[in-house]
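Colleague: Please take a close look at one part of this model and the parts around it. I would like a single connected account.

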Amino acid sequence: MEKQDDIVIVSAVRTPFSRFDSAMADIASIDLAVMVMKEVIRRVSVKAEEVNEINYGCCVMAEMALETDIPARQASLLAGFPPEILSVTLDRACCSSMTALRMGYRAIKAGDAGVCMAVGSENMPRTPHLAPGLRKGIRLGHIKLVDNLFELGYGAKGFSPVAVDAGEVALEFGVTREMQDEWAVRSQERYAEAFAEGKLKIGEELMPVMIAQRKGDPIVIERDESPRKTTLEALAKLKPIYGSPTVTAGNAPPLSAGAGAILYMTRKEAQEKGLNPLATILTSIGTATKPRDIAVIPALTIEQALQRVGMTVDQMDIIEINEAFAAMPLVSTKILAGNDEKKWKTLQEKTNVNGGAIAIGHPVGASAARITMHLAYELKRRGGGYGVASICGGLAQGEAVILKVE
Ligand SMILES: CC(C)(COP(=O)(O)OP(=O)(O)OC[C@H]1O[C@@H](n2cnc3c(N)ncnc32)[C@H](O)[C@@H]1OP(=O)(O)O)[C@@H](O)C(=O)NCCC(=O)NCCS
C-alpha cells in the first residue's frame, strides 16, 4: 500500500561507461559527476536549491587526489548547487554509491532532509602513478612509482587481491572457471540483446557525454564502450589475473570511467512537485563479513534486506548482482537457492537480465548507482514488480536495495 512517507526515486541517470583508452578517460571523475548531477535534476525540473543533501560515493582516491579533497563539495558547487547544501564524500569501495543512497534514505526517514541525491563517480583509467617519498627527496637510488590501480592496491597492507578471494571462494562453492566464463559470455550476449532492443538508449538511464575539441565538433559518447563479442573458446584461452585461480580479463569487468546520480524524496514531496515516482525504495541496507567472502556478501545482504521487508527471493521479479567478477552472481545465487540446483538456475535466469559489469564496465564508485537505476528502469519496462540490487565492495562489504515499481 502506498504511503505518504514512502521514499521514491524520481530521476536516475548515468553516463556511458568508458573503455580504458577512451576520450572519456581524460575527464576528471568530479567533472563526470557534475554532468549527472545537473542532468538528474534537469530531467524532472527540480531546482538545485530544492535538493537538501548530496551524498557522493567513490573509491579510487588517488584519481580524486588530482583535484584534491572533498570531491562531493567541489562537484556540488561546480554543478551549480547552492553553497548551503550539505554534501559528503564517502568511500565504501564498489558499494559507495549505494551507501550514498542509504545515507540519504536515512536522512529522509529521520526527517533531516526532504530531497536527497546519491552520486557515484569514478575514473579508474585516469588514476596517476604515485611517487611516495619524493617530497623529502631521494638522496640516492631509484625513484619508485606506485600503481594504486594494480590489484586495486589491496596488497599494500597484506590483503589479498579481490580476484584471488573471489576465485578461491567460488571454487569452494563448486563454481568452476568454466561456469564463470559461461556467465561472462552470457553477460556480453544479454547486453548485446538489450542494446539491440533499445533498452540502453539516451534519455532513459543514459545521458551523452560531450567532449569539446579544440577544433571541430565535440566527441559525443552515447553508449557503453566496453561490450564486446566473445566466445567460450576465446575466454578459455585467457590467463588468470592477479594470482586468482579463475578470474581472467574475460570474466572480470574492465577498468572504466563513469558516473551516475539518483534523485529521491518522500512520496508526499514528489506529489507536491507533480513528479511521477520511478520506483519506491522498500529498504536500503549495508552489511559486512570476513574479508575473504566477497563473492558471498551479495547473498548475505540480499537475505537481510528481504528479511527486513518480510519477503522472499522468489517474490523478486528480477535481481541485479554486480559482476565484480562472474563469481559474484554465481556464488550468491547459489547461496540464495540453498543449494537447490533447479532454484539456482531459476535465480540465475532472473539475475542481470540485460548483462552486467563484465560487459558494461565497472567504474567502481558508480556501479551501485547503475545497478539500482537499471533495476528500476527494467521493472518499469516490464510493467512493474519487485526487484533487488546488491553489490559487494572491497574486503567483503555489501549493500542492497529492494525496489517496487508500480
Ligand atoms: C583484467 C584486467 C587486468 C585486464 O586489463 P587489460 O590487460 O588492460 O585488458 P584488455 O582489455 O587489454 O584484456 C587483456 C587481454 O584479454 C583479452 N580479452 C579481454 N576480454 C576478452 C573477451 N571477452 N574475449 C576475448 N578476449 C578478451 C583482450 O583481447 C586482451 O588480449 P591481448 O592481450 O591479446 O590484446 C583489468 O581489466 C582489471 O583489472 N579488471 C578487474 C577490475 C577489478 O578488479 N574491478 C573491481 C572488482 S571488485
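Modeller: Start with Ile262, which is in contact (C-beta atoms, placed from the backbone, within 7 Å) with Ile9, Ala12, Val40, Leu101, Met117, Ala118, Ala369, Thr372 and Met373, leaving aside its neighbours within four places in sequence. The model is predicted, with local features needing pLDDT of at least 70, side-chain atom pairs counting only at pLDDT 80 or more, and totals for chains, interfaces and linings using all residues. Residues are numbered from 1 along each chain as its sequence is written.

Helices (H or I, at least four residues) and strands (E, at least two) are DSSP runs, numbered from the N terminus.

Now turn to the strands. Strand 4 (residues 115–123) pairs with strand 2 (at least two DSSP bridges make a pair) in the parallel sense, over five bridges. Within this pairing, Val119 of strand 4 is the bridge partner of Tyr56. Strand 2 also runs parallel to strand 3 (residues 86–90), to which five bridges join it. There, Asn55 stands opposite Val88.

Strand 2 itself (residues 53–57) is mostly covered, with five of its five residues buried (20 or more other C-beta atoms within 10 Å of a residue's own; 12 or fewer is exposed, in between partly exposed). One side carries Glu53, Asn55 and Gly57, the other Ile54 and Tyr56, and both faces are covered.

Key
Two residues are in contact if their C-beta atoms, placed from the backbone, lie within 7 Å.
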